[in-house]
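Hello,

My notes on it follow.

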Amino acid sequence: MVSTHPTGVKHSGSQYLPQKHSTNSNLSPNQQLLPLTARVHHDLLEIGGCDVTTLVQQFGSPLYILDEETLRSACQQYRNAFKQYYKGESQVLYASKAWNCLAVCAIANSEGLGIDVASGGELYTAITAGVSAEKIYFHGNNKSRAELLYAIESGANIVADNWYELQTLVELAGKQQPVRILLRLTPGIDCHTHEYIRTGHLDSKFGFDPGDLDQVFAFVSQQPALNCVGVHAHIGSQIFERQPHRDLAALMVQWLTKAASYGLTLTELDVGGGLGITYIESDDPPSIEEWVKPICEVIEEACAAENLPLPKLLSEPGRSLIATAGVTAYTIGSSKVVPDIRTYIAVDGGLSDNPRPITYQSVYRAVVANKMSAPLTETVTIAGKHCESGDILIKNAQLPKTEPGDILVVMGTGAYNYSMASNYNRLPRPAAVLVANGEANLILQRETYQDLIRQDCLPERLKS
Ligand code: LLP
């Protein structure tokens with residue numbers, strides 16, 4: 001008999017397992033819990049044709065596992081949706097802050113995506129991965145002079161965020177070619193997501209205030225050192241509502257009209273990212289197509305109404321491209337029963353490899369990779385191993401009975417996990433493997449204790 005795990009994964013077995021979705025291959029990757037290639041074989045979880053417990057034996061624990069097919073499929077869905085619904089030119093940029101490393105940038109690049117970078121380090125990684133500079137867009141509210149110079153010299157697009165940056169760019173541009181910029185504007189659009197990941201409301205550190213719009217357009221139109229080609233906005237992250245992006249698209253077309261009144265012909269419009277994903281069964285984000293379509297429609301209608309040519313439409317998804325493609329495998333260790341209160345089960349990682357629960361109270365789901373068909377009889381709290389009471393990965397997880405050595409797989413960890421990982425308590429950061437068609441390739445080496453002290457300096461007088 002084939003039934004469906006809460007993760008949407010098909011498996012054969014006789015146990016009842018609650019369902020999130022009926023098996024539906026039309027779900028967009030951002031609407032699933034497990035990667036698209038997840039299968040259960042003899043009670044064991046496979047991803048990308050690789051048995052997860054074997055991956056942990058081979059590459060160690062904890063382990064980030066990235067499913068290539070899920071990532072590529074999300075890239076393709078974005079690209080195809082823009083092709084289908086937008087008559088003008090479009091370019092999807094991968095917001096690499098979600099997971100920036102050589103292999104991920106190379107995959108996004110090979111799928112025809114450009115890359116959004118938010119620091120010199122992300123820019124360096126994208127360039128080293130072979131992404132051509134004209135497809136890189138550099139963001140940030142306080143880029144240093146060195147970062148700006150690096151972006152100018154490499155030929156990346158710069159998304160100018162504030163007056164200080166515009167002035168610095170004018171100075172740095174010197175006599176070289178004009179610097180290709182977009183302007184980041186604060187749209188004043190609110191959305192319902194965690195306050196730390198909302199960026200489009202007026203009280204945001206990002207972008208020019210809407211009250212400055214005229215002055216900004218007037219300024220850049222007078223600067224031969226600046227080649228302003230477009231506008232950018234980003235309203236937040238993990239958004240399920242559809243209206244804010246519709247409103248944003250309409251507002252941004254008004255910006256194009258205003259820019260034209262200053263003699264600026266802006267040909268690029270970048271709506272940012274923000275589409276949410278399913279972390280738990282009750283999360284119900286729009287599919288990639290459902291997110292793209294209204295944005296395209298609103299822009300086409302507004303441009304027709306304003307008699308403007310269609311701009312090149314850029315978007316910058318991060319989470320919805322990669323979150324579901326990634327899982328983290330941990331090994332279960334100690335446990336503690338607090339009578340009548342809760343049972344803690346501890347794993348060999350925690351807030352250093354996934355700081356999202358402690359930072360945003362984010363919720364996750366987990367499965368036990370070596371007990372996929374066992375009944376979910378236990379309600380336990382998954383604790384990390386850090387010296388911090390708040391280091392809890394999942395509260396009240398529904399799991400089968402576990403024992404030390406079992407492999408716990410936390411789902412939806414492809415975005416903002418590795419990229420926000422730290423060495424708190426001097427834990428070496430985990431390795432990451434890319435899985436596809438039964439093959440696993442290391443894409444990030446596990447840090448070693450030597451790596452941890454690589455940057456340490458011991459002054460001569462302290463040596464014993
Ligand atoms: N573009 C810009 C300018 C952004 O600031 C961001 C995310 C994105 C695109 C991509 O947004 P996405 O499609 O991933 O929602 N660390 C937080 C998320 C911070 C998002 C920051 N900016 C988290 O773990 O939830």
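Where is the place of Pro62? Pro62 sits in the loop between α1 (52-59) and β6 (63-67). Helices (H or I, at least four residues) and strands (E, at least two) are DSSP runs, numbered from the N terminus.

Two notes on the source. This is a predicted model: local features need pLDDT of at least 70, side-chain atom pairs count only at pLDDT 80 or more, and totals for chains, interfaces and linings use all residues. Residues are numbered from 1 along each chain as its sequence is written, and side-chain values use heavy atoms, with hydrogens and water left out.

**Backbone**

Most residues other than glycine have a negative phi, and most peptide bonds are trans. Asn307 belongs to the loop between α9 and β14 (312-315). The loop holding Asp340 runs between β15 (326-338) and β16 (342-347).

Asn307 counts as exposed because its relative accessibility is 71%. Asp340 counts as exposed too, at 85%. The classes are: buried under 20% relative accessible area, exposed over 50%, partly exposed in between (1.4 Å probe, protein chains only).

**Ligand**

The shell around the ligand has 20 residues, where near means a heavy atom within 4 Å. Ser237, Glu316, Arg356, Tyr360 and Tyr416 come nearest. The shell splits into six nonpolar, eight polar and six charged residues. Here Ala, Val, Leu, Ile, Met, Phe, Trp, Tyr, Cys and Pro are nonpolar, Asp, Glu, Lys and Arg are charged, and the others, Gly among them, are polar.

Now the polar contacts (pairs of N or O atoms within 3.5 Å). A polar side-chain atom of Ser237 is 2.4 Å from a ligand oxygen. For Tyr416, the distance to a ligand oxygen is 2.7 Å. A side-chain N or O atom of Asp116 is 3.3 Å from a ligand nitrogen. Alone, the ligand exposes 580 Å², and the protein buries 92% of that. These areas use the Shrake-Rupley method with a 1.4 Å probe.

The ligand lies between domain 1 (29-67 + 325-451) and domain 2 (69-322), because both give residues to its shell. The bounds come from an automatic or database domain assignment.

Best wishes

Terms used: A polar contact is a pair of N or O atoms within 3.5 Å; within protein, one must be able to donate a hydrogen and the other to accept it, and residues adjacent in sequence count only if both atoms are side-chain atoms.
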